[in-house]
Amino acid sequence: MSVQSGSEQSGSDTTAAEKLRIAAFAFRSIPMRDGCAGADKFASELFPRLAARGHSVLAYNRLFPGELPLGDEYLGVTTRNVVTPTRKKGFDTLLHSCKVTWDIIRHNTADVVHLQNGGNSVFALILRLFGKRTYLSQDGVDWKRAKWPWYARIYLRITAYLTAFAPNAVIFDNIFCKEEFEQRFNREYDFIPFGSEVSHDDVDDSVLDELGLEPGSYFLFVGRFIPDKGLHYLIPAFEKTHTDKKLVLVGGAPNPSTYEQELTATRDPRILMPGFLYGSKTHSLMKHAYAYIQPSDIEGLSPVILQAMALGAPIICSDIRENKYVVDDTGTLFRQGDTDDLAGVLKWALENPQEMTRRAARGTARALKHFSWDAVALAHERMFLGKKPRSAAPVEKTADMNLDVETMIRTD
């Protein structure tokens, strides 16, 4: 039986027959707040959908000292705020996960536990020893990410072995990372992509007036200011580009960093950095951008690209295979890490507005056809119920990149 997307799901499949008690952690918070990123977007889309299907879902938010509580409920999901007393990169995640694991075991808050990223796999092992079914989502090869200090990269390399074997199942949103793990550990894993759809009613155009923007008058980036995202290529490439359009960089560093200080030191008055924005304001910026730019060195399956595609923004992105998998022939690519090539692509995009519009239309159609949050939620539910999805076809058999959820996610 195939998992169908969106409206293709049958009416008899709108609620689950068996109700689960699910706990989730290893993201920052839902609802999203400053410092949040793809893991939080994933959580904010998946868990309310599971709650709407009748499951009891408890999400553990991570707070730092001085941050205000986020409430105890979000769209049917019970939220619990856990204060982590350190911001030291890597250690804050481990301490938070340790406290949450203890709470799950001590208070028996769930039977099924979902956690994200391989650095937390040691906690998947502990939870399994206490009888919990654990499912870990892995969105990339973590030890390759430049944002981590050397000691964190060593730790992530070591815990890759735990990631491979400790959870009941490992779920990849990235078929290339999945293939790498399968070759390395001689095991099969599961693939469930991110969704893309955004309600066009959830758009707040007041942000344009706030930032002094007109539709089509700016390029856009949304995300964390960390080396992985490649802003150190984008800013100098844009500075070389002769245009009256602006570059809007939404986001910031999750923790104070010299990298962020170097980025914000630009003196180009066309570059705007409004800080963290979420939801309807970000959707408006995506919808009205001349193009959305993703200059990343490393990605999983980027939920930001998918959102921008669904909202009709033309996409310019680095030619890493993960980005190419998402955009297929609908995006405009530049060579990873090549500032001059990116500057050339920006010049070409400005000179070819009609082609950018055509590519954007194809991108929207691709995003909405092939990537559905409803289908993603249904696929996770089936896994949690023990109806394990089969893995996607091998990469070499999907070179045309024309896979949709129905062909990528199938159940026994």
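This is a predicted model: local features need pLDDT of at least 70, side-chain atom pairs count only at pLDDT 80 or more; totals for chains, interfaces and linings use all residues.
Helices and strands here are DSSP runs, with helices having at least four residues and strands at least two, numbered from the N terminus.

The protein chain has 412 residues, and 58% of them are buried. It contains 15 helices and 16 strands. If you look at contacts with a separation of 6 or more, 70% of them are between residues 24 or more positions apart.

Now for a sheet. Six strands make up an open sheet, and reading across gives the order S11-S10-S9-S12-S13-S14, with parallel pairing. Its edges are strand S11 (271-275) and strand S14 (332-334), each of which pairs on one side only. Going from one strand to the next, the twist averages 25°. Strands of a sheet pair through backbone hydrogen bonds, either parallel or antiparallel. At one end of this sheet, strand S13 (residues 315-318) runs parallel to S14 and is joined to it by three bridges. If you want a landmark for that pairing, find Ile 316, whose bridge partner in S14 is Thr 332.

What packs on this sheet? Helix H7 (residues 231-239) does, and it touches strand S9 (218-224), strand S10 (246-252), S11 and strand S12 (291-294). The direction of H7 makes about 160° with that of S10. Which residues of H7 are buried? They are Leu 231, Tyr 233, Leu 234, Ile 235, Ala 237 and Phe 238. These buried residues pack against S9, S10, S11 and S12, and also against helix H8 (258-264) and helix H12 (339-351).

There is another parallel pair to look at. S1 and S2 run parallel and are joined by four bridges. To find your place in it, look for Ile 22, which stands opposite Val 57 in S2. Strand S2 (residues 56-63) is mostly covered, as seven of its eight residues are buried.

Back to Ala 37, then. Its relative accessible area is 24%, so it counts as partly exposed. Leaving aside residues up to four places away in sequence, Ala 37 touches Met 32 and Arg 224. Ala 37 and Gly 251 are 214 residues apart in sequence, yet their C-alpha atoms are 9.0 Å apart in space.

Next, the charged side chains. The structure holds 19 salt bridges. One of them pairs Asp 111 with Arg 21, where the closest N and O atoms are 3.0 Å apart. Asp 111 lies in the loop between helix H2 (91-107) and strand S5 (112-116), while Arg 21 lies in strand S1 (residues 21-25), so this pair ties together parts that are 90 residues apart in sequence. How covered are the two partners? Asp 111 is partly exposed, at 35% relative accessible area, and Arg 21 is partly exposed too, at 28%.

Arg 335 has 47% relative accessibility and counts as partly exposed. Asp 338 is partly exposed with a relative accessible area of 22%, whereas Asp 341, at 18%, counts as buried. Those labels follow from the cut-offs, because buried means under 20% relative accessible area and exposed means over 50%, with partly exposed in between. Elsewhere, Lys 41, Glu 45, Arg 49 and Asp 374 are linked in a network of salt bridges.

Finally, the surface has a nonpolar patch. Leu 125, Ile 126, Leu 129 and Phe 130 form it, and together they have about 390 Å² of accessible area. Leu 125 lies in helix H3 (residues 121-129), and its relative accessibility of 34% makes it partly exposed.

Note on methods:
Residues are numbered from 1 along each chain as its sequence is written. Side-chain values use heavy atoms; hydrogens and water are left out. Two strands pair if DSSP finds at least two bridges between them. Axes are lines fitted to C-alpha atoms, for helices over the stretch in contact, and angles run from 0 to 180 degrees between N-to-C directions. Contact means heavy atoms within 4.5 Å. Buried means under 20% relative accessible area, exposed over 50%, partly exposed in between (1.4 Å probe, protein chains only). Patches are made of residues with over 30% relative accessible area and no salt bridge: like charges are joined within 9 Å, nonpolar side chains (Val, Leu, Ile, Met, Phe, Trp, Tyr) within 5 Å. Accessible areas come from the Shrake-Rupley method with a 1.4 Å probe; for residues, only the protein chains shown count as cover. A salt bridge is a side-chain nitrogen of Lys or Arg within 4 Å of a carboxyl oxygen of Asp or Glu.
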